[in-house]
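Me: I am new to reading protein models and would like to learn what some of the labels stand for. Could you take me through a few of them?

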Amino acid sequence: MTSGEPALRPDAGTDPSGTAATTRAAAGLSIVMPVYNEAEGLAALHQRLVTVAAGLRRRWGLACEVVYVDDGSRDASLAVAAALPADGIDVQVVALSRNFGKEAALLAGLEHARLGAVLFMDSDGQHPPAMVERLAGHWIEDGYDVVFTAKAHRKTESLPRRLSGRAFYSLINWGSRHKIPEDAGDFRLLSPRAAAALRRLPERNRFFKGLASWIGFRQMRIDYEPAAREHGASSWNIGALIGLSIEGLTAFSVAPLRIASLLGLALAATALLFGLKILVEALVFGTDVPGYPSLVVGLMVIGGVQLLMIGVMGEYIAKILSETKGRPVYFVAEHQVKRADTTPAPAETAPPIAAAAEGGASVPEHRA
């Protein structure tokens, strides 16, 4: 799919009068940025966002805020974020009580966003702030509800990484009525109604890429080249990526269960054919039935498949257990709000306990 090609509905039109664009721009834009050990480059990235916000304000009169969600960073990321100036852009700093993971941080940012549209981007600098205006333009001027980005290619990645990525998307989309676009990332913009729809989804085991695609509405894909990290090293290793893949598969797809069922069916059919072969050889040709080796191999194969199926079922049962417990997805330790070009204002009132049970937020400890 080429850059700028609609992913779902190709009938998104422009508004010649500009009335609809003005109405959309009046909703404002919240930029949500999960932060984990990004102290070195956070200040420079914030200055780039300030420049972007100034351009958005000049072009459409679009009010902006940035929501930094510190996901239990071990460095000085929280202190750096708290010291960032509200220079023409409102700044929120939401500090989680510990490291809950990126999915929880994205939800925390979504629930604390105060303006209409919400844009998600990483804080490591690989999502270019210069693209924010382009994403906002497709929402404001063209009327798209979800504008998401995807890697233009994977030439810089190793062959195993490319093959595993392709296998993941093939598996998660297998048998699914709604396909998740391949190579789509978290860097995307949601219109006010799309953001509201995402907030309504009650599950706690969340797979953001899948949910943002599943809600539907008018969606558009933009291919781009991720920038190189300017500071530090990525916290995503092979183990973390495998864990995220398992979480995404079990949270958003039943493909592993179907594969387990098909594998069991294939083994049962193989065992039946083997049994018929042995029966024919014994009754017709008088051949002795193989004994101990074939029996042991058969038992080991069947036992291994059974353990595999139990493991797959265990993953889904664990998800059910997590949902029935109803624990909040995250807890907020500190929450700070700075209004643009003003002195820091007290944080807004936290959601009530009932809402926290639904969305995952808790009563935060305010920090001046």
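This is a predicted model: local features need pLDDT of at least 70, side-chain atom pairs count only at pLDDT 80 or more; totals for chains, interfaces and linings use all residues.

Me: How many cavities of 30 Å³ or more does a search of the whole structure find?

Reply: Residues are numbered from 1 along each chain as its sequence is written, and side-chain values use heavy atoms, without hydrogens and water. The search finds two such cavities. A cavity is a set of points on a 1 Å grid over the protein atoms alone where a 1.4 Å probe fits but cannot get out.

Me: What makes Arg 114 and Glu 65 a salt bridge?

Reply: A salt bridge needs a side-chain nitrogen of Lys or Arg within 4 Å of a carboxyl oxygen of Asp or Glu. Here the N to O distance is 3.0 Å, so the pair meets the rule.

Me: Why is Glu 65 called buried?

Reply: Buried means under 20% relative accessible area, exposed over 50%, and partly exposed in between (1.4 Å probe, protein chains only). Glu 65 has 0%, so it is buried.

Me: Why does Arg 114 count as partly exposed?

Reply: Its relative accessibility is 24%, so Arg 114 falls in the partly exposed class.

Me: How do you know that Lys 102 forms a salt bridge with Asp 122?

Reply: Their closest N and O atoms are 2.7 Å apart, so this pair also passes the cut-off.

Notes
On a 1 Å grid over the protein atoms alone, a cavity is a set of points where a 1.4 Å probe fits but cannot get out, and a pocket is an open set with protein on both sides within 12 Å along at least five of seven lines; lining residues have an atom within 4 Å of a point. Grid points are joined across faces, edges and corners, and a volume is the space filled by probe spheres set on the points.
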